[in-house]
Structures are given as C-alpha cells and as structure tokens.
Amino acid sequence: MDVLRTPDERFADLPDFPFEPRYVEVDSLRMHYLDEGPADGPVVLLLHGEPSWSYLYRWMIPVLVDAGLRAVAIDLVGFGRSDKPTRREDYTYQSHIDWTWAAIEAIGLTDITLVCQDWGGLIGLRLVGEHPDRFARVVAANTTLPTGDQQPGEAFLAWQRFSQETPDFPVGRIIDGGCVTTLSPEVIAAYDAPFPDESFKAGARQFPTLVPIRPDDPAAPANRAAWEGLRRFDKPFLCAFSDSDPITRGGDAPLRRLIPGAQGQPEITITGGGHFLQEDKGAELAAVVVDFVNANR
C-alpha cells in the first residue's frame with residue numbers, strides 16, 4: 001500500500017486549534033487523534049465525516065473539557081493528520097470500520113459516549129451495532145446508517161455526482177458550502193491543510209461512492225446486521241440534528257423510532273446549523289452533549 005503523510009508544517013498555527021497531536025499505529029498506518037481533558041473523565045469520542053477532520057471539533061472540545069469530560073477526536077484514515085493511502089481502491093467501507101475500531105482499541109477507550117456526524121455516523125453507528133458493550137451513550141448529529149434499502153435524496157445524489165466529476169476537489173470550500181455561517185479564508189485553509197495537492201485526496205474522493213445507495217451494495221449486509229444490534233441498543237441515544245441540512249433532513253426519525261435507547265429522550269434541534277453543525281453551532285452542540293451525559297450517568 002502506497003501511503004502519503006501530510007507534512008507537519010501544513011498544520012502550524014491553525015486558528016483556534018491549540019491541541020497536542022497524538023498518534024497510534026493501525027495496520028501499518030499512523031492515525032492521528034486528539035485527547036483532551038481528565039484521563040479519568042467520562043470518554044466522549046468525536047468522529048468527523050467527509051471531507052473534514054478533527055479541526056471540526058475545535059469549538060466543542062473546550063466545552064466538554066470544562067465539564068470534566070475526556071474529549072477524544074480521531075482523524076479517519078485519509079483525513080487530517082492521519083496517513084493517506086494513495087489508491088482509491090484501498091478505501092472501502094469495511095476498511096474504515098476496521099481502522100477506526102483498531103484505533104479505539106489501541107487508545108483503550110471504554111464506556112464511550114459517541115458523538116458522530118456524517119461519515120462519523122456511518123462508521124460510529126455501525127460500531128455501536130457491532131460492539132454495543134463498548135458504548136455507554138450515543139449522540140447522532142446529521143447522520144444515519146444506510147443499508148441501500150431506501151432511495152437517497154436528490155441532495156445526496158447531486159453531491160455524489162459533484163464529488164466524482166469536479167476536476168479539483170475543493171475541500172475547504174466544500175466545508176464552507178455546508179455551513180450556514182461564512183468561514184474565514186484562514187479557516188477554509190485549515191480544512192485544506194491536510195491535502196497539499198490532489199494526490200492526498202484519494203480517501204476524500206472515494207467516500208461519497210462508498211455510501212450504500214442500493215440493496216446489493218457490498219456494505220449493505222453488514223449494515224443491516226448492525227441495525228439488528230441498534231434495534232436492541234437500550235442505552236441512552238440522543239438525536240441532535242440541525243435545522244438547515246438538506247442531505248440528512250429527516251434522518252433522525254428512524255433513529256428515534258427504531259432504537260430503544262432513544263425512547264423518552266428529548267427531541268433536540270440545533271437551530272442555525274448547516275450540515276457541519278459543529279462549525280456553525282459547536283459550543284451549543286457541546287452543551288447538549290454535556291447535559292446528556294450528566295442526565296444519563
């Protein structure tokens with residue numbers, strides 16, 4: 001497997017990002033993560049999606065830490081400071097599951113409160129379904145666990161076409177376009193930082209093609225099996241979707257209806273948040289997580 005590693009200088013002096021980088025080795029790949037707050041505090045695992053990285057959680061981490069929680073944010077393989085295989089074929093849904101689970105094991109996380117958005121949910125919710133004993137609580141934000149048995153919305157299909165057809169994959173501008181707020185040039189550059197050129201973007205390019213949108217998708221059987229686990233998951237499960245995301249709008253309904261742990265939980269809507277609600281309303285979402293953890297200890 002040919003692998004690229006983004007030079008450290010690309011991450012120098014990023015705005016509002018004072019966190020120390022940490023690393024684990026998984027399948028001969030270096031994965032980056034942040035680990036902030038008390039080592040013995042309740043673990044909150046923050047999983048990002050496409051095409052962001054742990055920088056997305058910079059507004060949430062201080063709120064979580066101030067509440068006595070341990071905030072751990074992993075960069076998925078192909079993103080952030082994590083290593084980036086160069087061949088698109090090296091990225092599969094299953095490989096991302098395996099890499100992320102191996103990182104969780106290597107860091108030693110238990111009794112996890114999962115906070116997941118976008119592909120962070122496609123990976124995280126799958127892991128909850130497969131390893132429910134490792135998770136104490138879940139907060140799902142603008143995400144789902146697709147099986148290909150329902151038609152995706154036109155907004156997703158349009159994004160999928162764009163992601164494959166655009167000659168340049170403008171990561172920072174994609175993040176900006178998925179926010180309600182307008183990002184500064186410096187923040188857009190921070191999202192571009194992991195990708196010095198197109199050769200670093202194989203994972204980002206491949207992700208949209210890996211979402212199961214047909215019943216015969218290679219990942220569909222495993223996701224259906226994970227849903228059987230989620231249908232038995234009776235630990236606290238909270239949906240905190242935003243009000244301004246055309247791609248995941250309405251995706252909270254089946255999660256609330258089918259997962260036992262979601263029953264009786266408050267219906268949270270983050271007002272004024274786009275797809276990347278951590279960027280638009282990060283402190284507000286973090287406060288929801290803090291309240292959720294404290295109410296369900």
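Mentor: Let's start here: strand E7, helix H3 (residues 119-130) and strand E8 (residues 135-141) make a right-handed β-α-β unit. Right-handed means that, with the strands pointing away from you, the path from the first strand over the helix to the second runs clockwise. Helices (H or I, at least four residues) and strands (E, at least two) are DSSP runs, numbered from the N terminus. This is a predicted model, where local features need pLDDT of at least 70 and side-chain atom pairs count only at pLDDT 80 or more, while totals for chains, interfaces and linings use all residues. Residues are numbered from 1 along each chain as its sequence is written, and side-chain values use heavy atoms, leaving out hydrogens and water.

Trainee: Which residues of E7 are buried on each side?

Mentor: In a regular strand the side chains alternate between the two faces of the sheet. Here, Ile-112, Leu-114 and Cys-116 on one side and Thr-113, Val-115 and Gln-117 on the other are all buried. Buried means under 20% relative accessible area, exposed over 50%, partly exposed in between (1.4 Å probe, protein chains only). With 6 of the 6 residues of E7 (residues 112-117) buried, the strand is therefore largely enclosed by the rest of the structure.

Trainee: How many bridges join E7 to strand E4?

Mentor: Strands of a sheet pair through backbone hydrogen bonds, either parallel or antiparallel. Two strands count as paired if DSSP finds at least two bridges between them. E4 (residues 43-47) runs parallel to E7, with 4 bridges joining them; Val-44 has Thr-113 as its bridge partner in E7. E7 also pairs with E8 in the parallel sense, over 6 bridges, and there Thr-113 is partnered by Arg-137.

Trainee: What is the strand order in the sheet?

Mentor: The order is E2-E3-E5-E4-E7-E8-E9-E10, an open sheet of 8 strands with mixed pairing. Its edge strands, E2 (22-26) and E10 (268-270), each pair on one side only.

Trainee: How do helices H2 and H3 cross?

Mentor: Axes are lines fitted to C-alpha atoms, for helices over the stretch in contact, and angles run from 0 to 180 degrees between N-to-C directions. The axes of H2 (residues 93-107) and H3 come within 10 Å and cross at roughly 70°. That makes H2 roughly perpendicular to H3 (65 to 115 degrees; under 35 is roughly parallel, over 145 roughly antiparallel, the rest oblique).
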